[in-house]
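Below are some questions and answers on selected residues and contacts. Please look at the sequence and structure before reading on.

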Amino acid sequence: MGLTEATARLRNLLGAENVLSRSEDVMLYEYDAGVDKGTPGAVVFPAATQDVSGIVKIAISEGVPIVPRGAGTGLSGGAIAREGGIVIVFTRMNKILEIDLANRRATVQPGVVNLDLTSAVEKEGLHFAPDPSSQKASTIGGNVAENSGGPHTLAHGVTVNHVTGLEVVLGDGRIAEFGGRVVDGCGYDMCGFFTGTEGTVGIITKIIVKLMRRAESIATLLAIYDSIEDGANSVVDITREGITPTALEMFDGLTLRTVEEATHAGYPMDAGAVLLIELEGLHEAVEEQAEAIARVCKANRAREVRRAKDEAERVLLWKGRKNAFAAIGRITPAYYTQDGVVPRTKIPETLKVIAKVSEKYGLRIANIFHAGDGNMHPAIMFDLRDPAQLEKTIAAGADILAYCVSVGGTITGEHGVGMEKDKLMSLLFTESDMDVMRSLREVFNKNSILNPQKLFPTTRSCRETGAAAIPPLMRKV
Amino acid sequence: MASTANSLLGRDLAALIGSDSVCEESAPLTAFAIDGVKPGVWATPGSVEEVAAILQLANERKFTVTVAGGFSHQSMGNVPTNVDVLLRTDRLNRVLHFDPGDLTIGVEAGCKVAEVQKKVATDSLLLPLDISKAQQGTIGGALATATAGPLKHGFGGAREYCIGVSFVTGDGRIAKAGGRVVKNVAGYDLMKLMIGSQGTLGVITSANFKLFPAPKQTRTFLAEFESVEAALEYRDFVLRSALNPMCLELISSRAHAYLDGFDNERWAIVVKGAGSDAVLSRFRRELGAEISKELAGSDEEQLWLGIQEFSETVQKRHQNAMSMTLHVASSGLSNVLCDAEQSAIEQNMLFACVGRAGVASMAAAFVPLSVDPPSVMQYANAVGELRRRMPRDSTAIVTRCPREAKAYFSVWGGPSGDVEAMRAVKRALDPKGILNRGRFLF
């Protein structure tokens with residue numbers, strides 16, 4: 001019993017070429033987009049749902065944990081083998097199985113890359129709405145497991161609002177199906193429940209998602225401010241005006257300059273902040289809203305409100321946004337980014353608190369975030385080689401999240417809890433709340449093999465293993 | 001023996017929550033009979049802690065508990081095995097927080113849906129929970145039954161905008177999930193489990209919602225057709241257009257008898273648009289010559305109220321009518337409606353329906369022709385036949401029918417997905433199965 005035996009049996013099941021166990025091979029699967037680490041004992045590549053079921057059964061009988069993994073672009077350590085064991089990688093299960101245009105649904109395997117689905121249906125005027133910044137690489141299976149968001153989820157909703165059917169392999173190896181093409185059904189909303197469970201109650205092997213029609217008109221605006229406070233107040237007023245942009249992103253001055261130097265997207269170098277605002281819908285409605293937004297921004301002392309004049313300019317503005325974190329990587333050896341959420345009226349105050357935290361710890365913090373839904377993304381910059389700075393970074397991050405929770409917010413809007421924030425769950429939830437969640441986990445995971453030591457605070461010290469000794473950081477590569 | 005036990009239970013409940021909040025008198029309890037099953041006692045807890053105390057006691061002694069909000073939709077479900085305790089949420093009726101600037105609200109489960117809607121409307125906001133009997137129905141009940149109205153087309157059901165929930169599990173544990181902000185992935189999304197769980201997993205004590213800006217003006221456009229096929233063809237045209245209506249309804253030819261403002265028996269597509277004058281004239285232009293009527297103001301309001309209350313109106317007129325909710329794939333709606341009509345005719349019943357044409361969620365009515373008193377088998381056969389003909393991923397849930405008929409079929413039909421996994425969820429949250437026993441799938 002154990003990993004060696006499990007690996008031999010996995011080779012029998014999947015073929016030797018689909019099982020990696022040499023340390024130089026499995027090392028590639030130690031990381032996600034943070035740099036929490038955990039070395040898998042074996043990495044396997046199933047080709048079908050039956051394979052996944054077989055893997056789970058082997059894992060149970062050998063007492064080895066399982067961690068499902070998409071593209072490894074997650075930011076909270078969800079796909080990291082915290083306790084070693086078997087990492088299941090879905091690169092071979094990457095087919096779009098069906099596109100049902102009449103019902104605007106697609107059936108996909110978990111390894112399908114987010115953007116590939118949109119590319120496949122674009123010619124029909126459709127798209128898959130959840131658009132995490134990682135969408136060029138991240139898989140839909142991973143998106144479902146983490147309930148991923150993205151800039152355009154402000155109007156379109158996060159992943160769970162777009163999933164209507166799932167096939168999962170449960171913790172006993174049994175294959176179960178929930179939902180289908182129809183949103184509502186009879187019985188519990190198991191699709192809704194499974195989405196966002198971060199691999200702790202089952203392994204997703206097939207997904208049915210909604211496809212949305214592209215709007216006829218899109219307007220992309222850039223509002224430029226001398227002060228970050230004016231930008232933040234504009235967000236509050238836009239929400240109050242009853243305008244729902246499809247995206248409402250904010251960059252502070254530091255981020256702006258960094259992004260502009262890296263991407264030359266046309267952002268102003270001397271501004272205190274900008275808002276990147278996108279509107280979609282009927283041509284008439286978009287024009288009216290664009291005017292209303294320009295009015296609100298000007299009333300809040302926007303220096304200028306620009307509008308992308310064509311698709312090329314729009315793409316360029318978004319390129320700056322989507323590559324922002326990579327750009328930040330150019331000016332710091334490492335950074336630690338979080339995604340706490342605050343009620344939208346609290347954004348101005350939260351930015352002040354972040355500035356104070358930055359001062360208190362002597363660490364630079366860049367802000368680029370989904371302002372429209374209050375989803376902050378402070379990137380705390382530090383030098384990984386300096387253990388004292390690392391300590392301070394973790395403390396600064398915890399201060400910010402504690403503030404988010406204190407004003408009625410949450411510790412994560414789209415990145416998930418994973419192994420990064422498991423200890424912080426108790427800021428939000430009582431023991432009783434988590435006990436109820438754990439009891440649901442247990443009925444599906446009796447053998448305790450599914451993504452152990454994730455999502456819930458563990459009684460053990462969470463960073464006791466060498467592999468998990470550092471917090472999730474983005475390191476300059 | 002049962003009455004002794006209940007009386008003991010009554011005393012113990014009174015010790016937990018005060019005797020004013022417990023009632024064992026026969027006459028008032030009769031008014032709260034569910035399909036003829038009279039509760040042994042009712043309890044009206046005033047706090048989450050009291051709800052937990054009641055459930056802990058019931059769980060320990062294996063007494064069954066059924067939750068009641070406004071008692072407006074209790075016709076749903078199979079006949080209860082028994083109801084030892086009717087847990088009424090009347091006293092859980094506070095608004096916990098209303099943040100118009102953030103477009104969010106948190107309310108206790110016993111708040112009336114209409115009152116919450118009225119409250120948010122004062123700040124020009126909208127809670128799109130346009131259920132029937134909203135004056136009587138509660139937030140907790142609307143969530144537990146996953147009831148929706150015409151606004152489901154534009155906003156989705158409650159699962160899309162309920163951002164937090166607090167509840168007490170069957171074994172008396174106090175729990176919550178989600179929170180007060182519009183984007184949140186911390187912890188399991190138990191809102192999804194509680195919504196539509198029919199009171200079988202826990203007692204919802206409060207919920208938080210994302211709100212929407214109320215439209216400044218709306219217009220409703222009507223187009224009429226000779227057949228369901230023609231009507232749905234027009235629906236497809238609307239769905240393919242650039243328009244994004246708030247509501248998109250299909251009204252069957254026979255449904256007109258239960259709605260004001262229709263003077264013929266044709267199928268209708270009803271489109272509600274919202275926006276400025278320019279946006280509304282775009283609606284007018286795109287919708288084209290098919291539009292036979294445009295409604296505004298009180299006429300418009302009346303029409304939508306009528307659609308919202310369709311099943312109630314049918315039921316008021318025909319006590320022996322059967323109401324159903326149909327959820328089908330949008331492309332299969334036409335066939336399912338033909339099947340439903342055929343199943344009704346074969347059982348000497350009339351079929352009428354209104355519903356969300358775009359998302360293919362319909363409120364259907366089967367009305368027995370008044371030649372003879374209907375037999376229970378007519379209901380059972382009509383339901384059985386419809387379910388047999390429908391595609392596998394469709395659902396036909398009977399939301400109301402004569403009690404006697406319920407002995408001959410499940411009002412739910414087959415579950416949409418793995419029933420073992422659903423049972424596992426039930427075991428986790430209500431291990432002794434005391435909640436709403438007998439009324440749900442298992």
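Q: Is A:C404 buried or exposed?
A: This is a predicted model, in which local features need pLDDT of at least 70, side-chain atom pairs count only at pLDDT 80 or more, and totals for chains, interfaces and linings use all residues. Residues are numbered from 1 along each chain as its sequence is written, chains are lettered from A and ligands numbered from 1 in the order in which they are written, and side-chain values use heavy atoms, with hydrogens and water left out. Buried means under 20% relative accessible area, exposed over 50%, and partly exposed in between (1.4 Å probe, protein chains only). A:C404 has 0% relative accessibility, so A:C404 counts as buried.

Q: Which cysteine has the sulfur nearest to that of B:C353?
A: A disulfide is a pair of cysteine sulfur atoms within 2.5 Å, and the count over all chains comes to zero. B:C353 is in no disulfide, and the nearest cysteine sulfur, 10 Å away, is that of B:C338.

Q: How many residues apart are B:E50 and B:R91?
A: The side chains of B:E50 and B:R91 meet in a salt bridge at 3.9 Å, N to O. B:E50 is in helix α3 (residues 48-61) of chain B and B:R91 in the loop between β4 (85-88) and β5 (95-99), so the pair links distant parts of the chain, 41 residues apart.

Q: What is the relative accessible area of B:S124, a residue with positive phi?
A: Most residues other than glycine have a negative phi. Phi of B:S124 is near 55°, and B:S124 lies in the loop between α4 (113-121) and β7 (125-126) of chain B. B:S124 is partly exposed, with a relative accessible area of 48%.

Q: Is B:N436 buried or exposed?
A: B:N436 has a positive phi of about 50° although it is not a glycine. The residue B:N436 is placed in the segment after α14 (419-429) of chain B. At 9% relative accessibility, B:N436 counts as buried.

Notes
Helix = DSSP H or I, 4+ residues; strand = E, 2+ residues; numbered from the N terminus. Salt bridge = Lys/Arg side-chain N within 4 Å of Asp/Glu carboxyl O.
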